[in-house]
Amino acid sequence: MADRHSAHHARATGQPSPLDTARECFTLLVTGPQPLSLDGRSYPGLPNRRIPLDELRDRMLRRRCPRSTRDEVWAHLVRQSREQGATWTLACAGMALPALSGVSRWLAARFPGDLFDLHAEVLSGFLGALTTIDVDRPRILVRLRWAAYRAGFAALSEALDAPMPVASAFRSAAPKPPWGHPDLVLARAVRQSVLTRTEADLIGATRLDETLITDWADRHRMSHEAAYKARQRAERRLVAFLREQGAATDPDDPVASCLVNGLAPQSPPSRPTRQSLCVSTVGQGGPAGAGEESAVTVSKSGADSGLLGCGESTPALASRVSPEVPRCA
């Protein structure tokens, strides 16, 4: 689907998209008698030989490839990009093309402007993160993908917020989309001193990513009980903050009213979804819309979201006990 968008853009403008250019450059790097390669003997689960990067990418996309191997390979690629420059930076972009294409496909379906600009922002966000990402933490590619998504989503939000040209006749205009990205909600809460950076990281890592709260507590030298209580207090403040923002919405806006009504107490909470935190950005860009319980408003819909599935809406899962919640005696 991303290739169709790129092909449509190329036909319409006569120039390839930035992702097409990255794909062509990567192809040149891995063709010929001496393709750019990596020594597989240094990584468990890979053949004991030098592996061209296109073959390496295919191997790393397989489910049986250990996550630790993916992180080790990506840590090496990022370090090479920082030390060697252009060649390995293009190699990183080529290795990440399946993830970047997935991001671009989701955003392009909603983008009202020129897809060249959107693809450029996605690629720019990815390349910018290469210079700053912490390679000692796990899930390097997933975090690079989210950096690309945030850059593309910012471009999408700006395009959707731009004035819409209309004819001289009076007619209805489409309402602004009542949603926002979870990371942007947390960032706004930090900017307004509702949460500390540590609390935002705790919520983001344990609710939106796949980090267990016990692992987060161990990494931050905190007891498990203290981490649970810290997250609970932070989430209560976040819910109160979202309710306060929702109180400033336009009462005559039926979309905003629907979202604000979602703040009222509901039936006992079922297993939460990522969409619970994707709240409205109405009024001065402020979010509106959250569930009654904080665990509902910021929770994730499961640990089975694949590499290309992050950030997309997923079907509601059957209710089950979260592995993070301690069992009652």
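Let's begin at Cys65, which is buried, with a relative accessible area of 9%; buried means under 20% relative accessible area, exposed over 50%, and partly exposed in between, using a 1.4 Å probe and protein chains only. Cys25 counts as partly exposed because its relative accessibility is 27%. As for disulfides, meaning pairs of cysteine sulfur atoms within 2.5 Å, the structure holds zero.

A word on what you are looking at. This is a predicted model, in which local features need pLDDT of at least 70, side-chain atom pairs count only at pLDDT 80 or more, and totals for chains, interfaces and linings use all residues. Residues are numbered from 1 along each chain as its sequence is written, and side-chain values use heavy atoms, with hydrogens and water left out.

How confident is the predictor, then? On pLDDT, the predictor's confidence in each residue from 0 to 100, the protein averages 76, and 65% of the residues score at least 70. Two stretches deserve a careful eye. Over residues 175-179 pLDDT stays under 50, and there the model has 15 contacts beyond four places in sequence, a contact meaning heavy atoms within 4.5 Å. Residues 325-329 also stay under 50, with two contacts beyond four places in sequence.

Now turn to the aromatic rings. Rings of Phe, Tyr and Trp (its six-membered ring) pair if their centres lie within 6.5 Å; planes under 30 degrees apart count as stacked, over 60 as edge-to-face and the rest as tilted. By this rule the count comes to three aromatic pairs. One of them joins Trp106 and Tyr149, a tilted pair with 5.9 Å centre to centre and 50° between the planes. This pair links distant parts of the chain, 43 residues apart: Trp106 lies in helix H6 (residues 97-108) and Tyr149 in helix H8 (residues 140-161). Helices (H or I, at least four residues) and strands (E, at least two) are DSSP runs, numbered from the N terminus. Trp106 and Tyr149 are both buried.

Tyr149 also pairs with Phe153, this time stacked, at 5.8 Å centre to centre and 25° between the planes. Both residues lie in helix H8, four residues apart, about one turn of the helix, and both are buried. Together, Trp106, Trp146, Tyr149 and Phe153 form one aromatic cluster.

Finally, look for charges over these rings, where NZ of Lys or CZ of Arg is within 6 Å of the ring centre and within 35 degrees of the ring normal. The charged end of Arg110 sits over the ring of Trp106, 3.7 Å from its centre, while Arg145 lies over the face of Trp146, at 5.9 Å from the ring centre.
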